[in-house]
Amino acid sequence: MPTPSQATQQNAAIKGRLSKGSVLCFLSILLLICVFWSLNSGAVETTLSDVIATFSFDEPSSKSQLKSIVISEIRLPRIVLAFLVGAALTLAGSLLQGLFRNPLADPALIGVSSGGAIGAVTAIVLLPVIAIKLKLSEGTAQIIQSFGLPVLAMCGAIALTFVIYRVSLVRGRTHVPAMLLTGIAVNAIGGAFVGLVVTVFATDEQLRTITFWTLGSLSGSNWNNTIILGLFIIIPIFIALRQDRALNAFLLGEAEAFHLGVNTQHVKRTVILISAIMVGATVAFCGIIGFVGLVVPHMVRTALGPDHKLLLPAGILLGAITLVVADVFARTLLSPAELQIGILTATIGGPFFLALLIRSRSVNNNSLSL
Amino acid sequence: MNLSNTLGHLMATGITVRVGKKTLLEKVDCELIPGKLDVIVGPNGAGKSTLLRAITGEYPVDEGAITLDGRPIEKIDNVELAKRRACLPQFSSLAFPFTIREVVSIGRHPHPEDPKNDRAITEAAVEKVGLVDRIDEGYLHLSGGEKQRVHLARVLAQLEKPKERFLLLDEPTASLDLTYQQLVFDIAQEWANNGAAVLIVLHDLNQAMRYAQSVTLLKDGQLVQKGAPRSVLTEGIIESVYGVQAKWIEADGHSLLAVNQKNQYR
C-alpha cells in the first residue's frame with residue numbers, strides 16, 4: 001500500500017504540468033527556427049547562406065548585397081514587428097482574460113482594439129493640422145506624428161477598456177453577454193468612425209484604406225515604426241510578467257483576491273493600462289489583427305494549464321511564433337501579391353471562437369459563463 | 001483603549017454599512033478571540049455575509065471601527081492582513097482549468113515563494129479535506145461540494161497554522177453532504193482548539209447550537225442577541241426572529257430543533 005504522499009508523487013509524475021524552464025526553452029528554439037525560416041522566405045529568392053552572410057562582417061559581393069538589403073532592411077524589421085505584435089496581442093489577451101476572469105476576452109473582440117483605431121485615425125487627421133497651426137518645423141512635426149500616433153491610439157484603447165470593464169461587471173462578477181455585447185457596440189462605433197474619417201479624408205495616404213484598420217497588416221513595416229512600437233511594448237511586457245501571481249488570485253474573484261492580500265485596485269489599473277498600451281500601439285502601426293489574443297492564450301492554457309507564471313511568458317513566445325509564421329504565409333501564399341495578415345488570423349480564429357462557444361454551451365448547460 | 005487587552009483579537013465595534021439609502025448593518029459589534037468558535041446566524045438578508053465581509057476589510061464601513069491587535073484594519077497592509085485572516089466565500093466562480101493542487105497553492109499568495117514549503121503546506125491542506133489522492137485532477141470537473149472543499153483547503157493553506165489566525169467561513173456547509181459537513185466542523189473546531197479565532201456564518205440552527213461557543217443573532221441588519229447558544233437560540237427568540245414555532249428536543253446528548261409545520265410566513 002503506498003502512503004498518501006507516495007501516491008501523490010506518483011500522480012504528480014503522471015499528471016504534473018511541464019516545467020517552466022523546458023517549455024520556455026523549447027518555444028525559444030522554435031521561435032528562432034521560425035525567424036530563420038521567415039528571413040529566408042519571400043518574393044526575392046534567398047538561401048540560408050545569404051541570411052548568414054547578411055549578419056556576418058564579411059564584405060558582400062555586389063550580387064549578394066541586394067539580397068542582404070532585402071533581408072536586413074525589409075524582412076528583418078518586419079519579422080521583429082510581427083514578433084512584437086504577436087507577443088503584445090497575446091499578452092494583452094492573457095491579461096484581459098485574467099482581469100475579466102473569462103477566456104473569451106480577446107482585445108479585438110471586446111473592443112479594445114477599436115478604441116485604438118479610433119485614437120490612431122484621429123491622430124493621423126489631427127496631428128498635421130496641429131503642426132500647421134503651431135507652425136512647427138518639419139522635424140518636430142515628424143517626431144510629434146511618430147509618437148503622437150501610438151500615444152493617441154493608446155488613449156483610445158485605455159478609455160474604452162475602462163468603459164468595457166465597467167459595463168461588463170455586474171456585482172463584482174463578469175457578465176459575459178454584457179462583455180461581448182459591449183464589444184459588438186464598441187466595434188460598430190469604431191468601424192463607423194474609422195470608415196467616416198477614411199472616407200472624408202480619402203486623400204491622406206497615411207490613412208490608407210478601411211481594410212488596413214479592420215483586417216490589419218504588417219506591410220507598413222520599417223525600422224522606425226518597429227523601434228517605436230518596441231519601446232511601447234517591451235516595458236509593459238516586463239511590468240506584466242510581475243503580475244503573474246496576482247492574476248492567479250484574481251481568477252478566483254475580486255473579493256477572493258483581496259482576501260489573499262492582492263491590491264486589487266492597483267492590479268486592475270495596471271492590467272488595463274498595460275494591455276491597452278500594448279494593443280493601442282499595435283493598432284496604430286498594424287491595424288486591428290483579431291483573434292491572436294484569443295487563440296494563442298487558449299492553446300497555452302490547454303497545453304500547460306492556466307497558471308499565469310507560465311501562461312504569460314509562454315504566451316509571449318507562442319504569440320510571437322504565431323505571428324511570424326502567419327506573416328510568412330501572408331507574404332508568400334499569393335506572392336507577389338500580399339494577403340492581409342488579419343484575414344489569416346480571422347480565418348483560423350473565427351471558427352476557433354465558434355468552437356469555444358459551442359463547447360462552453362455543452363459544458364455549462366447553455367449558459368455562456370465558460 | 002487598552003492595547004494589551006486587544007492583542008491577538010479582532011474587534012468590530014458599532015459597525016454600520018449602508019449601500020445607497022439602504023442600511024445593511026446598523027451598529028453591530030463583533031469580537032473574534034483566539035481559541036473560540038463563534039457563529040453568526042439570522043434569516044436571509046439579515047446582514048450575516050455583510051458583517052463577515054466588513055470584518056475582512058473588504059467592505060468599507062460607514063460607521064464604527066475594526067481593529068486587529070488594536071490597530072485599525074484599514075491601516076494594515078493587505079499582505080500582512082492576508083497572512084492573519086482568510087475568508088471562505090459561499091461559492092466561487094473560478095472558470096479556468098486549474099488542478100486541485102494549483103487552486104490550493106494560490107492560497108499561498110501572501111507568502112514569499114518557497115516551492116518546497118509551499119508544496120508541503122498545499123498537500124497537507126488538501127489531505128485535510130480528504131482530496132489528496134485526487135490532487136492533480138482538474139478542478140472544473142469536481143462537484144459543487146468538492147469545489148467547496150478545495151477552497152477550504154486553499155484557505156487553510158493561506159493561514160498555514162491556527163495560532164493567532166482568523167478563519168472566516170461563509171456558509172461552508174451549504175453544498176456539502178453530511179460526512180463533509182462534519183469534516184468542516186471538525187476542522188474548524190480543531191483550528192479553534194489550536195489558537196485560531198473562527199467565525200462561521202450558518203443557516204442551520206442545529207449546527208449553531210452544537211458547535212458554537214458564542215452565537216451572534218442578526219435580523220434586518222441589527223443585533224438581536226449575542227452569547228452562549230443556549231441563551232440566544234431559545235424557542236421564544238427563534239419564534240420572534242424567524243416567525244416559526246420550534247422546539248428543542250434532546251437526543252443523544254444533542255439538542256435538535258423541531259419546527260412546527262404550521263408556519264406563518266411573515
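This is a predicted model: local features need pLDDT of at least 70, side-chain atom pairs count only at pLDDT 80 or more; totals for chains, interfaces and linings use all residues.
Two strands pair if DSSP finds at least two bridges between them. Keep that in mind for strand 8 of chain B, where B:Leu199 is the bridge partner of B:Asp38.

**Confidence in chain A**

- Chain A has a mean pLDDT of 85, with 88% of its residues at 70 or more.
- Helix 14 (residues 308-332) of chain A has the highest mean pLDDT among the chain's elements, 95, while helix 1 (residues 4-15) of chain A has the lowest, 40.
- Residues 1-14 of chain A sit below 50 in pLDDT, and this stretch has 13 contacts in the model beyond near neighbours in sequence.
- The pLDDT is also below 50 over residues 365-370 of chain A, a stretch with 14 contacts beyond near neighbours in sequence.

**Strand 8 of chain B: burial**

- Five of the five residues of strand 8 (residues 197-201) of chain B are buried, so the strand is largely enclosed by the rest of the structure.
- Side chains in a regular strand alternate between the two faces of the sheet.
- Here B:Val198 and B:Ile200 point one way, B:Ala197, B:Leu199 and B:Val201 the other, and all are buried.

**Strand 8 of chain B: partners**

- Strand 3 (residues 37-41) of chain B pairs with strand 8 of chain B in the parallel sense, over four bridges.
- Strand 7 (residues 166-170) of chain B also runs parallel to strand 8 of chain B, with five bridges, and B:Leu169 stands opposite B:Ile200.
- Getting from strand 7 to strand 8 of chain B, the chain passes through helix 7 (residues 178-193) of chain B in a right-handed β-α-β crossover.

Key: Residues are numbered from 1 along each chain as its sequence is written. Chains are lettered from A and ligands numbered from 1 in the order in which they are written. pLDDT is the predictor's confidence in each residue, from 0 to 100. Helices (H or I, at least four residues) and strands (E, at least two) are DSSP runs, numbered from the N terminus. Two residues are in contact if their C-beta atoms, placed from the backbone, lie within 7 Å. A residue is buried if 20 or more other C-beta atoms lie within 10 Å of its own, exposed if 12 or fewer, and partly exposed in between; C-beta atoms are placed from the backbone. A crossover is right-handed if, with the strands pointing away from the viewer, the path from the first strand over the helix to the second runs clockwise.
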